[in-house]
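Take a look at the model below.

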Amino acid sequence: MGKIIKGVILGIVNVVFIWIALYLLSAEAYLVFVLLLLGALLTNLLFIVPKGYPYRYLLPAAFFMILLVVYPIIYTVYISVTNYGTGNILNKEQVIAQLEERYVRDTGSPDFSFSAYRDPQSGLWFLFTDSEGRQMVGHSGELTFVEQGDPLLGQLAGYTELTRVDVAQSLQELQAQSFSYDESRELRMRNINAFNLYEQQYSYDREKDVLLEVQTGTLYTQENGYFQAPDGTRLTPGFRAVIGFDNFRRLFGNPQVTGPFARVFGWTVQWALLSVATTFVVGLFLAILLNDPYLRLRKLYRSLLILPYAIPAFISALIWRGLFNTELGVINQILQATIGSSVRWLQDPLWAKVALVILNLWLGFPYMMIICLGALQSINAEMYEAALVDGATTWQQFCHITMPLLMVSVAPLLVSSFSFNFNNFSVIYLLTAGRPPIVGAQTPAGHTDILISYTYRLAFESGRGTDYGLASAVTLVIFLITGVITFFNFRFTGALEDVSKNV
Amino acid sequence: MKRLSTVFFVLVLALLVSLPVMASVPGELLIWSDGERAPVLREVAKQFVIEYGVTVRIQELPFGDIRDNLAIVAPTGEGPDIIVGAHDWLGQLVTDGLIEPIDIADESQFLASGLEAFTWGGQRYGIPYAIEAIGLIYNKDLAGEDGLATFEEMIELGKELKGEGKYALVMPQPDPYHTFPFFSILGGYVFGMDAEGVLDALDVGLANDGGVEGFELFKYLMDEGIMGRATPYDTMMSLFQSGEAAAMLTGPWAFGDVRSAGVNYGFQQIPSYKGQYGRPFLGAQGFMVSAFSENKMLANLFLNDFVATKETMLAIFEGDPRPTAFLPAADIINEDPDMRGVMESAAEGIPMPAIPAMNAVWTAWSDAIELVINEQSEPRPAIENAVQLIIQTIKDSGY
């Protein structure tokens, strides 16, 4: 029975593998295809070879780890050394194909009417009539001028003439037809009713890897993902190309980026620290209250207090933006009614930051409360009894028993919460979007921009359109910064050691 | 061994099941349309099948997602043949190599500004079906039957209304799109144009004398209490609906809300100031053909013979009333006074720049407007600084 189930499961897994593999092949993603094949092979081996048994359980974890963590990181590194972004999203083959297919219509030439014929043996035949009534027969790229009574016309009469409906259904075939008319011009389909004369604009020399503009003879060589003429004119579209460390150079050599970096970085750290501190203090306070067994309706309070955590942050953020509205927001109306003045929440740099911290407090305290509640329950009650016997005050109990023991399990979570808020794009973006703007700013950074929201501005509000290459470069830099900070955080809090000692 | 044979049996079965994935469908059209246009296109598709026996499939996507999805899907060969889109996508789509010029059969049937909006480097890239521009929606009970022809009149009216705690004008703030007429009214522009009609990304004219003077008018209106300050769209709308504002500066998308509030309203073009009319951004929507379509000729046939017809264009209007860019349908559509107003406003319009550099303009420009609204900066330094920043950003991205 077990074997059958195993066989079926493996079968299903293989079905999925093959389905993806075929898709990858048709999309010409060969690298991923090979990786997938290796993965599939490994999976099958582990199931069929008895020695592979223990690794079976590691496999899904490793698979998702590679898929969701390792692969994106590698891909980000790759993108950061390319010019991927608006104007450079196609690959070189696609761009060459597109440029070679570019034909310019001779606007001076009137349309040629046509009838098309199909012969089961020799394929498509055409009879063209130009504006002066001259007739030509076209077949497999060749044109022959014909007079009235030409034997070719008789030959055509023997084939089936395509009706308009037939033409419409064979358009894919017809639009690919071209007949050389004279040295430079070709007769090609213009629309369902007519052909016209076209001239090819570019032709590509595969050996020299250059593009020739047919009419002018200009040679375009490839330069950083574009075909570029000697005078610097670039052809669009450009293609995706590896450009080395240009993105990093642009990042660090650009006063627009380096200028506000210190300020943005400073606020990012403040923001992350304040977020962790406020949510932790409030969360801990509530947890201690709720942990008191004499509190009535504990469960009700606890459920209510978890609610902000259960509501999607996107909705909460938008609601809070309404509450903080300077003219009509409830907060200002209450302030107006009670103390007679109001606060320019989202316009004033300082208050905008306060508003952000308040919002994040609302979003974050239930999480801290939950983990503190859990941690508090794991503290042995005998310790408090012993403290009572020794005559310790409640404050002393808190400082010397609760906090240290709490920190053992909570500290790593505080560190990860710090990292999370360090990159908490959505809250910033939904409430202030980095605003208010800085008076006289020479950079696009606003007062409440953190590193990640600033990255977003650099990447998606650049003069070029979207700039994935630059965005990936900045992401890597932020990744390094967060990595280093997290590392030192763990060091200084000694979190890892403590935990390992207690395990 | 039996176990292995089971596995291989399943493998073979899987192969057979998976094969259809690789097959493409030649000679069929796939259209990506937003929800408003999709039902109309479905009807047109039926006629196309009857006439030519060629299937047209319509896939519905949110309007705003079409551009980004095209960039992801089209290069893999899985994309559509035709998309519905806005003219200001053109710059990105063309420089990305995602759309193909269209051979429009009869250009005289289209409004020149609509065609112009879909032109890039001298080539037509879209068949426009609708145009739009903002204008002045006014409350006839407050601003008079004929509206406000000039900003000078508006200032007079504003001073009277102020006593009653009402505004003469409200508009969404801070919003560069809606604020542009103030910049353009005395000659400010976003990008200058060279002799061949190509936009010059490094010639930003928002802070020229005309632009600054118009921006000062914007500030003056707020300072004098003639125009509401820092009103988001919703606030603007509720002020107008409740009769606390005589006019609002916005576009045809507001008609529904205004009608439902029962305001006795009219729509006119943006008033003049010192004898010159404020020129809004002109937007156009249309159909474009993917560069990766294998059925380009078929797509052209479908668009020229089946979409660019009076019946289809009227049906598109019925589904989502916007002024048409298709002249044979214009007479009927323009009988609607609202639509006529929008058409008049659009006639003064300047196509919103479609070049990718426009990306760099919005935020810095919006910041300048916000600083003036918040009274943290004077108009001239704010916009001059913004222009400097815009040019720097554009230069940095490799122009």
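What follows goes from the whole chain to its domains, and then to their contact.

This is a predicted model. Start with chain B as a whole. Its C-alpha trace spans about 90 × 50 × 50 Å along the principal axes. The chain has 399 residues, and 53% of them are buried. Its secondary structure amounts to 17 helices and 17 strands.

Now consider how the chain folds back on itself. Take the contacts in chain B between residues at least 6 apart in sequence. Of these, 75% join residues at least 24 apart.

Next, the domains. Chain B is assigned two of them. Domain 1 takes in 24-132 and 282-351. Domain 2 takes in 135-279 and 355-396. Over C-alpha atoms, the centres of domain 1 and domain 2 of chain B are 30 Å apart.

The two domains of chain B touch. Domain 1 of chain B brings 13 residues to the contact, and domain 2 of chain B brings 13 residues as well. Look at the side that belongs to domain 1. Helix H4 (90-95) and helix H15 (337-347) of chain B each supply at least two residues there. H15(B) gives the most to this side, with 5 residues.

What is the make-up of that side of domain 1, in nonpolar, polar and charged residues? The side of domain 1 of chain B that touches domain 2 has 6 polar residues, 5 charged and 2 nonpolar.

Methods:
Residues are numbered from 1 along each chain as its sequence is written. Chains are lettered from A and ligands numbered from 1 in the order in which they are written. This is a predicted model: local features need pLDDT of at least 70, side-chain atom pairs count only at pLDDT 80 or more; totals for chains, interfaces and linings use all residues. Domain bounds come from an automatic or database domain assignment. Two residues are in contact if their C-beta atoms, placed from the backbone, lie within 7 Å. Helices (H or I, at least four residues) and strands (E, at least two) are DSSP runs, numbered from the N terminus. Ala, Val, Leu, Ile, Met, Phe, Trp, Tyr, Cys and Pro count as nonpolar, Asp, Glu, Lys and Arg as charged, and the others, Gly among them, as polar. A residue is buried if 20 or more other C-beta atoms lie within 10 Å of its own, exposed if 12 or fewer, and partly exposed in between; C-beta atoms are placed from the backbone.
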